[in-house]
Amino acid sequence: QWIYLNGQFVPKHEAKVSVYDHGYLYGDGVFEGIRVYSGNVFRLKEHLIRLYESAKSIMLDIPYTLAEMTEAVAATIRRNELVDGYIRLVISRGDGNLGLDPASCPRPNIVIIAEQLALFPAEYYQTGIPIITVATRRNRPDVLSPQVKSLNYLNNILVKLEAKLAGVQEALMLNEQGYVAEGSGDNVFLVKGNKLITPPSSAGALEGITRNAIMELGEQLGYDVREEVFTRHDVYVADEVFLTGTAAEVIAVIKVDGRTIGDGTPGAHTNRLLEAFRQLVVQDGEK
Ligand code: PLP
């Protein structure tokens, strides 16, 4: 496996950045997770636009044009002969001194990892997963936008820890008003009648690429797709609940805080949207 590191390909175990990298010292940087399906990168442009917007928001200048970054991703896929897998793109502020000031970091470190995907266990898709809501809150969107996919994932990690402590794989984070925001690394949808509802970004949701694809597919399939704030109660009484993300794709939720959703198995709407998504990812890729 070859890692792209600042324009070079380096063997996996030799790919290293300095302990003075501000990504390491302060979580100062941005990242993306992207999927490759049958040799096609799913919505690479959208992922790269989000990456550049995240970087702009934290005043991190990525020294590549969008076209150069696209080519770097393609080269990493070719070098690793990746057909189906996952790409992790990490741009950190770079090596500096121990102070917070990014001015001591002359050049970002650019890392691209292309891996065979460790797929979620197939049984998750057959049985669905139980989840909980946790005490960790989404940071306020007006303080640090959830659209910035930064290397500061501590509250997402706390969500994961709370979930695991409670014996489940995933959990929902609420925002400071107590409305549902999203999962630790995925977005949440409710199905209620013909409505397909997901929280707006103003409620603390990242505008996930998978989320956007599901909203498009939902429209095409005739659902009344809405971005609306909702409470835990709305989740408990939904017909169906599912999570979306690059890694998870579409995963049915069968229990939330001990309340069974629907009949406790993945619902027909969720399965239909998962099928439509799996068709889309093979049709919609970029070489
Ligand atoms: N929410 C958070 C906090 C995430 O990190 C991710 C993963 O990227 C998502 C949602 C899902 O977004 P996407 O579908 O673009 O992977």
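Me: Which domains is the chain divided into?
Reply: Domain 1 covers 2-116 and domain 2 covers 122-283; the bounds come from an automatic or database domain assignment. Residues are numbered from 1 along each chain as its sequence is written. This is a predicted model, where local features need pLDDT of at least 70, side-chain atom pairs count only at pLDDT 80 or more, and totals for chains, interfaces and linings use all residues.

Me: How many residues of domain 1 are in contact with domain 2?
Reply: 23 residues of domain 1 are in contact with twelve of domain 2. Contact means C-beta atoms, placed from the backbone, within 7 Å.

Me: Which elements give two or more residues to that side of domain 1?
Reply: E3, H2 and E5 do. E3 gives the largest share, eight residues. Helices (H or I, at least four residues) and strands (E, at least two) are DSSP runs, numbered from the N terminus.

Me: Which of its residues are buried?
Reply: Leu44, His47, Leu48, Arg50, Leu51, Tyr52, Ser54 and Ala55. Buried means 20 or more other C-beta atoms within 10 Å of a residue's own, exposed 12 or fewer, and partly exposed in between, with C-beta atoms placed from the backbone.

Me: And what comes just after H2?
Reply: Methionine 59, with a positive phi of about 55°.

Methods:
Contact = placed C-beta atoms within 7 Å.
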